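Look over the sequence and the structure, then read on.

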Amino acid sequence: MATRSARAETLPRANSAVRVESFSGKGRRPWKTIGRRVAEIEREVFGEDAFTPDELRRAFTAREHVAVLLWDGPAPDEGVLVGYTQAEPRAADTYYISNTAIAKSHQGRGLIKLLMERLYADVRAAGARFVERDVAIANGYADMLVRVHSADILETFDHDSPYGPQRFMRMRVPEP
């Protein structure tokens, strides 16, 4: 199993810094310290389609799953959790990105790029060469991902789901 760095990458702001860090259930921030906030963000972003707290706990703490946290605060040990993403292995060389959410107060600031760059680094460190995901079509996110990652996308197809129209994407893990 690959080891992920605890190094946090930051994006400076006026009175604080927004930063990402890899989550490890055995790290300095175990699930019991972040689980409630993860569930709050999940409900805020996805409403009745949100994963339950128990589903989130399993997704974040299962062996070989990868999760990245997005923090807003002045120092590494301070701040508020404002987002996350999580991926799980599908095959020896493929991870499926099953969940990404940023608190509404922090959306529209380009923070998704910081979050996803760290996730890509972590799945690459875990041995993945490919990532897959389903993305909502209605909000324009699917089209934006196709534009941003066009050189890495290997396959896409649109399909209906309980969450509305989705676009499945399979792509190479983007290089830094």
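At what angle do the axes of helix H1 and helix H2 cross?

## The pair H1 and H2

The model is a predicted one. In it, helix H1 covers residues 31-46 and helix H2 covers residues 53-61. Their axes cross at roughly 125 degrees and come within 10 Å. An angle over 145 degrees would count as roughly antiparallel, and 65 to 115 as roughly perpendicular. H1 and H2 are therefore oblique to each other. The crossing of H1 over H2 is right-handed.

On the H1 side, the contact is made by Trp31, Val38, Ala39 and Glu42. H2 contributes Pro53, Leu56, Arg57, Phe60 and Thr61. Sorted by class, six residues of this contact are nonpolar, one is polar and two are charged.

## Order of the elements

The protein has four helices and eight strands. Read from the N terminus, the order is β-β-α-α-β-β-β-α-β-α-β-β.

## Burial, contacts and surface

The protein has 176 residues, and 43% of them count as buried. Taking contacts between residues at least 6 apart in sequence, 59% join residues at least 24 apart.

Methods:
Residues are numbered from 1 along each chain as its sequence is written. This is a predicted model: local features need pLDDT of at least 70, side-chain atom pairs count only at pLDDT 80 or more; totals for chains, interfaces and linings use all residues. Side-chain values use heavy atoms; hydrogens and water are left out. Helices (H or I, at least four residues) and strands (E, at least two) are DSSP runs, numbered from the N terminus. Buried means under 20% relative accessible area, exposed over 50%, partly exposed in between (1.4 Å probe, protein chains only). Contact means heavy atoms within 4.5 Å. Axes are lines fitted to C-alpha atoms, for helices over the stretch in contact, and angles run from 0 to 180 degrees between N-to-C directions. Angles under 35 degrees count as roughly parallel, over 145 as roughly antiparallel, 65 to 115 as roughly perpendicular and the rest as oblique. A crossing is left-handed if the near helix is turned anticlockwise from the far one by less than a right angle, and right-handed if clockwise. Ala, Val, Leu, Ile, Met, Phe, Trp, Tyr, Cys and Pro count as nonpolar, Asp, Glu, Lys and Arg as charged, and the others, Gly among them, as polar.
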